[in-house]
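Please look over the sequence and the model shown here. The report that follows describes a few of its features.

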Amino acid sequence: MSRAVVLGGGLAGVLAAAVLAGHADEVVLVEGDRYPSGPRPRRGLPQSHHSHVLVAGGARALDALLPGTVDALLANGAHLRGLPGDALIFSADGWFRRLRTDAHLISCTRGLLDQVVRRRALGGGDVEVWEDTRALGLTGDEARITGVSVSRRGAPPETVRADLVVDATGRRSHAPRWLAGVGAGDIEEVSVATGLAYATRLYQAPGDLAAAIPAIMLHPGTAKGQPARGATLFPVEDGRWIVTLTGTRGGEPPTDEQGFTAFARSLRHPIVADLMAEATPSVPSGRTATPSTGGGSSSGRACPPVSPSSATPPSR
């Protein structure tokens, strides 16, 4: 019997396991945490509180792999917005013209996305899921990996034979050290410091605007010598909006409520700040900074009546 072992039960690991279930006799998914019972952030996912959207290509690919996933997301409160027709996008050159195209995005919290995908990918019983299980290392040698050493729920280490091991543990991966441990030699790593940070907050939106709001994107400006700063506001499930503020080095968004609000108000257009002023923060602030190749933050508040300014969002 052929066996594939996938390390890491996040979105990448779950989708990898779903694909492998069509090729291997047995698929084992090793997850270090326990999955939340509802559509909530998963421990070990640093960016779980930030904005996550599926654009058209990703949504089509996900639905091709797991048919019905997009419908399930929408049925559970996710929102579909056409691009740029159902969006207000303020670029360095002004507002995008709003017109109908085949492009779109689907917005929801990361917790909902993960839960719906897990149910559809793992619900059929083709993948054996080991929660609360730590991957300790690889077995084999420089010519071939033969399995994984794991500890299940704190038990003594055991070896799991595998014909294929997929490492989907993300930024926490120990693969370079593990491969060196079986004699595969040093693995070259390249880190790129992006200097990017973002802060995100969830808001309870006003009832008349909760579901009707367009997707809103304020692209960073291009002032020479100044940090690039921007914002997005997307509708998510349960009548909420998710607001993410972004900034490069020297212009990182604050995470306290007053600083978060002031940062939004200082952007090139007031639309996001005006919407925030009409909504109620539903979670405390927090931020995830980007060490290398990625980054983020978490904070909150949101809502609409747009104040007059030098630039007016275009009508359709």
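Helices (H or I, at least four residues) and strands (E, at least two) are DSSP runs, numbered from the N terminus. Axes are lines fitted to C-alpha atoms, for helices over the stretch in contact, and angles run from 0 to 180 degrees between N-to-C directions. The model is a predicted one, in which local features need pLDDT of at least 70 and side-chain atom pairs count only at pLDDT 80 or more, while totals for chains, interfaces and linings use all residues. Residues are numbered from 1 along each chain as its sequence is written, and side-chain values use heavy atoms, with hydrogens and water left out.

**Two packed helices**

Helix α6 (residues 257–265) packs with helix α7 (residues 271–278) at an angle of about 140°, and their axes are 7 Å apart. Angles under 35 degrees count as roughly parallel, over 145 as roughly antiparallel, 65 to 115 as roughly perpendicular and the rest as oblique. The helices α6 and α7 are therefore oblique to each other. On the α6 side, the contact (heavy atoms within 4.5 Å) is made by Phe 260, Thr 261, Ala 264 and Arg 265; α7 supplies Ala 273, Asp 274 and Met 276.

**The whole protein**

The protein has 7 helices and 18 strands. Of its 316 residues, 48% count as buried, where buried means under 20% relative accessible area, exposed over 50% and partly exposed in between (1.4 Å probe, protein chains only). Among contacts with a separation of 6 or more, 68% come from residues 24 or more positions apart.

**An aromatic pair**

Rings of Phe, Tyr and Trp (its six-membered ring) pair if their centres lie within 6.5 Å; planes under 30 degrees apart count as stacked, over 60 as edge-to-face and the rest as tilted. By this rule there is 1 aromatic pair. Phe 90 and Trp 95 form this tilted pair, with 4.7 Å centre to centre and 40° between the planes. Phe 90 is buried at a relative accessible area of 8%, and Trp 95 is buried at 18%.

**Backbone details in loops**

The peptide bond from Leu 83 to Pro 84 is cis, with omega near -5°. Pro 84 lies in the loop between β4 (79–82) and β5 (87–91).

Asp 238 is exposed, with a relative accessible area of 60%.
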